[in-house]
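Hi,

Here is the structure I promised to pass on. Have a look at it first, and then read my notes below.

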Amino acid sequence: MSGDGKVRCRLSHFIEVFIVVILVVLIGIISILITILLNKRRKQKNFLRNGGKLLEHQRVRIFSGNELAEATKNYDKSNFLGEGGFGSVYKGKLKDGTQVAIKKPKGFNKALINEDFQHEIGIISQINHKNVVKILGLCLETKIPLLVYEFISNGSLDHYLHHQTSIRIVKNWENCLRIAAEAALAFEYLHSLADPSVIHGDVKPANILLDDQYTAKVGDFGASVIIPPDHKIMASQIRGTFGYIDPEYFTTDILTEKSDVYSFGVVLVELLTGAKPNSVAR
């Protein structure tokens, strides 16, 4: 202290600065703790809202949001693989070296996205076939759930059909025949052998992927439905891609396994001619 104890008695300037610094540090620590607590509560709330209590008992791995952000370098654009109606897909690398593809939904109508997510999870968690893309896990603690798939290194059949620098694979007749046969095995499994059976609903070259051995693997089950006993589904809205949609499904709103078969027939024509459906029509 300075002064005579009665008049002008005050702390030294050094002590005043020290106390201010201590207060600032304490306030900072408290703020960080509050932020951590709020983040933890938010993640737990998202986890429960996204069906975590049910899905954590499924045969899929539950990833944390931080784990996937780290795997994709915070979803850096260099890891961007493509975009569809449901959202964006990013390449990631887990700590154990496993390469994955992370499906990150778009930020619109969260209720609809959550419904689509639950729908897709309910289907793909029951599928296991060498020619179908495998789901490795999911993340439920983010606002919008994320799906984690095996990474298919050589992209989609669509890329090889319509990019001049990548036509070598589909120029070989044996490769074309093999890719077609492998995709057909996947659809046969979905329609007849999976339990429950599944209609894919959006068969097209962009959803037939090729791995490092150029083996065909069918992916993207966002438009898929489980086949009912009568094998007919009245669609509330037409799903699929124009040019590949079964005309009968388009006019009657009735979706069956034959709708997939028609779409696959269009894919075969595209594989043989190298022309997209709209080009063929013209």
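This is a predicted model: local features need pLDDT of at least 70, side-chain atom pairs count only at pLDDT 80 or more; totals for chains, interfaces and linings use all residues.

A cavity here is a set of points, on a 1 Å grid over the protein atoms alone, where a 1.4 Å probe fits but cannot get out, and lining residues have an atom within 4 Å of a point.

Residues are numbered from 1 along each chain as its sequence is written, and side-chain values use heavy atoms, with hydrogens and water left out.

How many cavities of 30 Å³ or more does the structure hold? There are two. The largest has about 70 Å³ of space, and 14 residues line it, with Gly 201, Arg 239, Tyr 244, Ile 245 and Ser 263 closest to its centre. Its lining splits into five nonpolar, five polar and four charged residues. Helix H9 (residues 257–273) gives the most to that lining, namely three residues. (Helices, H or I with at least four residues, and strands, E with at least two, are DSSP runs numbered from the N terminus.)

Leu 268 is also in H9. This leucine is partly exposed, at 31% relative accessible area; buried means under 20%, exposed over 50%, and partly exposed in between (1.4 Å probe, protein chains only). Leu 268 sits 64 residues from Lys 204 in sequence, yet their C-alpha atoms are 9.6 Å apart in space.

Now for the sheet. Six strands make an open, mixed sheet in the order E1-E5-E6-E4-E3-E2; two strands pair if DSSP finds at least two bridges between them. Which strands stand at the edges? They are E1 (61–63) and E2 (80–83), and each has a single partner strand, so one side of each has no neighbour in the sheet.

Follow E5 (residues 135–139) next. Four of its five residues are buried, so E5 is largely enclosed by the rest of the structure. E5 pairs with E1 in the parallel sense over three bridges, and Ile 62 has Leu 138 as its bridge partner there. With E6 (residues 146–150), E5 runs antiparallel, joined by four bridges, and the two form a hairpin with six residues between them. Across that pairing, Leu 138 partners Leu 147, and Gly 137 stands opposite Val 148.

Ile 62, in strand E1, is partly exposed at 31%. Ile 62 and Val 148 are 86 residues apart in sequence but 9.4 Å apart in space, C-alpha to C-alpha.

Lastly, the cysteines: Cys 139 is buried at 0% relative accessible area, and Cys 176 is buried too, at 6%. The structure has zero disulfides (pairs of cysteine sulfur atoms within 2.5 Å).

Cheers

Methods:
On a 1 Å grid over the protein atoms alone, a cavity is a set of points where a 1.4 Å probe fits but cannot get out, and a pocket is an open set with protein on both sides within 12 Å along at least five of seven lines; lining residues have an atom within 4 Å of a point. Grid points are joined across faces, edges and corners, and a volume is the space filled by probe spheres set on the points. Ala, Val, Leu, Ile, Met, Phe, Trp, Tyr, Cys and Pro count as nonpolar, Asp, Glu, Lys and Arg as charged, and the others, Gly among them, as polar.
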